Amino acid sequence: MKIRLIHVAILAVYMAGLSRPHAALAQTSQRLGGLSMRIAHTDPSKYQSSSRVHEGAGSMEYMTLFGPQDFNTNVLFVHRGVLHPKSGIGHHFHNQMEEMFVIFDNRAQFTIDGRTAELTGPAAAPCRMGSSHGIYNSTDRPTQWMNIAVGTVRGRYDAFDLGDARVGAALDAIPVFMTIRMDNSLLKTVTGMNGGRGTVKYRRMLGPEAFRTNWGYVDHLLIPPDSSLGYHRHEVHEEIYYVLSGKGRVTVEGETVAIGPGDGIACRVREAHGFYNHSPSDLELMVIGVALEKGKFDVIDLSDDLSKK
């Protein structure tokens, strides 16, 4: 019965993604209301509650920002939510896909392949295909959380639960698995990125060697006021941008809309896109790249700094 309930829960998540208004393919987005309908907004009022996820402790709340229907690559989903105090996601394996748990604040105990360490947000730890992972919020405060998943087969999710909530797990002082910190002090200055205006600050936190699927990279990008990531497109890979902080404008296929904290933007293969910061504060983004074919990436700059959009 427990296995059946897990399968039903997974199906419910998948169907919830299909029902979202921006889930239509990018090629038809202009007819269905344009770019504004495709921006995924983090909205706690739309979170659904789930208890004992993968036999973990307590409960969490989350929503689906993107599902497999939003991409040509094998992105399975992007979930955004909150881990309640003394709650988490139980230890489980993935054999046909990869996930990365992200925390944006507070701290949480991350487990990869049975080893556990506590990370302070904003931070993340990828779980490569064939490995196991879990997460537990041991604190008395909620932890803001995200989960990104990429598969080997389009739309196919898999998990094998270990019946281990990881409550009270022994902690390593130094993690013995891959972790990343979204630390602005680690960013490097780049001038005219993709033909953009001014300078931005940028770091590739994980590259394709970190993954076994077609997941290509995880980047951290900060766009200061009156600067931009220039207009460009990719022929062989897709990107997901998530606004960590600040406000700005995104242009996709000639259409421009305002964006703010908690917004997600999916840029599919061959869609021209770029970002301009018209606000008085920095625009901070996390960027996920996923390839159609493992290890193949490209960029075509379109000579537009988007300052007039």
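Two rings of Phe, Tyr or Trp (for Trp, the six-membered ring) form an aromatic pair if their centres lie within 6.5 Å. By this criterion, the structure described here, a predicted model, holds 7 aromatic pairs. Two of these pairs are followed below, after a brief look at the chain as a whole.

The protein chain contains 24 strands and 1 helix. Of its 309 residues, 54% are buried. The accessible surface amounts to about 12,900 Å², and carbon and sulfur atoms contribute 53% of that area. Among contacts with a separation of 6 or more, 73% are made by residues 24 or more positions apart.

A pair of aromatic rings is described by the distance of the centres and the angle of the planes. For Phe 77 and Tyr 157, the centres are 6.0 Å apart and the planes meet at 35°, so this pair is tilted; planes under 30 degrees apart would count as stacked, and those over 60 as edge-to-face. The two residues come from distant parts of the chain, 80 residues apart: Phe 77 belongs to strand β4 (residues 75-83), while Tyr 157 is in the loop between β11 (143-151) and β12 (160-161). Their surroundings can be compared with the 20% limit below which a residue is called buried. Phe 77 has 9% relative accessibility and therefore counts as buried, whereas Tyr 157, at 21%, counts as partly exposed.

A second pair, Phe 104 with Tyr 242, is stacked, with 5.6 Å from centre to centre and 25° between the planes. Because Phe 104 lies in the loop between β6 (97-103) and β7 (107-112) and Tyr 242 in strand β18 (residues 237-245), this pair ties together parts that are 138 residues apart in sequence. Phe 104 and Tyr 242 are both buried.

Where does His 220 lie? The residue is part of strand β16 (residues 215-223). With a relative accessible area of 0%, His 220 is buried. Its side chain makes a polar contact of 2.7 Å with the side chain of Glu 284. Beyond neighbours within four places in sequence, the residues in contact with His 220 include Met 182, Asp 183, Asn 184 and Leu 187. Lys 201, Tyr 202, Arg 203 and Met 205 are also among them, as are Leu 244, Glu 284 and Leu 285.

Key:
Residues are numbered from 1 along each chain as its sequence is written. This is a predicted model: local features need pLDDT of at least 70, side-chain atom pairs count only at pLDDT 80 or more; totals for chains, interfaces and linings use all residues. Side-chain values use heavy atoms; hydrogens and water are left out. Helices (H or I, at least four residues) and strands (E, at least two) are DSSP runs, numbered from the N terminus. Buried means under 20% relative accessible area, exposed over 50%, partly exposed in between (1.4 Å probe, protein chains only). Contact means heavy atoms within 4.5 Å. Accessible areas come from the Shrake-Rupley method with a 1.4 Å probe; for residues, only the protein chains shown count as cover. A polar contact is a pair of N or O atoms within 3.5 Å; within protein, one must be able to donate a hydrogen and the other to accept it, and residues adjacent in sequence count only if both atoms are side-chain atoms.
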